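Subject: Structure handover

Hello,

Here is the structure we spoke about.

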Amino acid sequence: MADGVRARTGVGAVGAVHDFDDLYAASFQGLTLQLYAYLGDLAEAQDVVQEAFCRAYARWKSIRDYEDPVLWVRRVAWNLATSRFRRQRTAVNFLRRQREEKVAEPSPDRVALVRALAKLPAQQRRAVVLHYMAQLSVAEIAQQEGAPEGTVKSWLSRGRAALAGQLTEKGI
């Protein structure tokens with residue numbers, strides 16, 4: 001670090017004078033061990049303490065005058081650790097609520113119907129689905145599709161006939 005940035009601190013709790021590098025070297029391991037005991041994860045404890053020191057470095061001009069800058073760093077590290085605990089708890093609670101729903105497999109009849117519908121021309125398939133599944137009238141389908149009612153009736157008739165042929169072949 002440049003000499004201008006290496007500011008001297010006031011007298012600390014141990015009665016020694018430290019610059020930021022000395023403070024970091026003397027305090028990092030002890031703070032990390034404290035946070036490791038709290039978090040139960042060494043890598044996470046190191047991350048939290050490192051982040052606290054990064055924040056202290058960014059504010060070093062004011063923190064260096066504190067009686068014991070380590071107290072500030074320790075408080076920030078503990079606050080960061082508590083925030084991580086809260087985020088983890090929130091994530092765990094969210095995941096607990098996200099249970100996988102078991103959906104019954106489709107019946108063989110349904111699979112056969114879907115396959116048979118897929119073989120119909122698009123207009124016939126759309127008309128059959130809208131009429132029998134969406135329960136729209138011929139007039140409503142005609143209005144939606146922009147076609148005359150007679151054409152919709154034709155699509156339905158041809159679609160039903162094609163479906164009947166396909167499904168009777170399969171014994172459904």
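Contact here means heavy atoms within 4.5 Å. Among contacts between residues at least 6 apart in sequence, 55% join residues at least 24 apart.

Two caveats. This is a predicted model, in which local features need pLDDT of at least 70 and side-chain atom pairs count only at pLDDT 80 or more, while totals for chains, interfaces and linings use all residues. Residues are numbered from 1 along each chain as its sequence is written, and side-chain values use heavy atoms, with hydrogens and water left out.

Overall fold

The protein has eight helices and two strands. Helices (H or I, at least four residues) and strands (E, at least two) are DSSP runs, numbered from the N terminus. The order from the N terminus is β-β-α-α-α-α-α-α-α-α. Of the 172 residues, 28% are buried. Buried means under 20% relative accessible area, exposed means over 50%, and partly exposed lies in between (1.4 Å probe, protein chains only).

Helix packing

Two packed helices are described by the angle between their axes and the distance between the axes. Axes are lines fitted to C-alpha atoms, for helices over the stretch in contact, and angles run from 0 to 180 degrees between N-to-C directions. Angles under 35 degrees count as roughly parallel, over 145 as roughly antiparallel, 65 to 115 as roughly perpendicular and the rest as oblique.

Start with helix 1 (residues 20–39) and helix 4 (residues 69–97). Their axes come within 11 Å and cross at roughly 30°. Helix 1 and helix 4 are therefore roughly parallel. The crossing of helix 1 past helix 4 is right-handed. (A crossing is left-handed if the near helix is turned anticlockwise from the far one by less than a right angle, and right-handed if clockwise.) Helix 1 contributes Leu23, Ser27, Leu31, Gln34, Leu35, Tyr38 and Leu39 to the contact, and helix 4 contributes residues including Val73, Ala77, Trp78, Ala81 and Phe85. By class, this contact has twelve nonpolar, three polar and one charged residues. Ala, Val, Leu, Ile, Met, Phe, Trp, Tyr, Cys and Pro count as nonpolar, Asp, Glu, Lys and Arg as charged, and the others, Gly among them, as polar.

Next, helix 6 (residues 122–133) and helix 8 (residues 149–169). Their axes come within 8 Å and cross at roughly 95°. That makes helix 6 roughly perpendicular to helix 8. The contact involves Gln123, Gln124, Ala127, Val128, His131 and Tyr132 of helix 6, with Trp155, Leu156, Arg158, Gly159, Arg160 and Leu163 on the helix 8 side. The classes here are six nonpolar, four polar and two charged residues.

Helix 8 also packs on helix 5 (residues 108–119), at an angle of about 135° and with the axes 10 Å apart. Helix 5 and helix 8 are therefore oblique to each other. Helix 5 passes helix 8 in a right-handed crossing. Leu163, Gln166 and Leu167 of helix 8 meet residues of helix 5 that include Ala112, Leu113 and Ala116.

Cores

A nonpolar core is a set of buried Ala, Val, Leu, Ile, Met, Phe, Trp, Tyr and Cys residues joined through side-chain atoms within 4.5 Å. The largest has 20 residues, of which Leu35, Val48, Val49, Ala52, Phe53, Val73 and Ala77 touch the most other members. Helix 1, helix 2 (42–58), helix 3 (60–63) and helix 4 each give two or more residues to this core. A second, separate core of 16 residues includes Ala116, Val138, Ile141 and Ala147.

Single residues

Neighbours within four places in sequence aside, valine 48 is in contact with Leu35, Leu39, Ala77, Leu80, Ala81 and Arg84. Glutamate 44 sits in helix 2. At 15% relative accessibility, glutamate 44 counts as buried. With residues up to four places away not counted, glutamate 44 touches Leu39, Arg84 and Gln88.

Glutamine 135 is in the loop between helix 6 and helix 7 (138–145). Its phi is near 55°, a positive value in a residue other than glycine. Most residues other than glycine have a negative phi. Glutamine 135 counts as exposed, at 65% relative accessibility.

Arginine 64 lies in the loop between helix 3 and helix 4. Arginine 64 and phenylalanine 20 are 44 residues apart in sequence and 7.8 Å apart in space, C-alpha to C-alpha.

Best wishes
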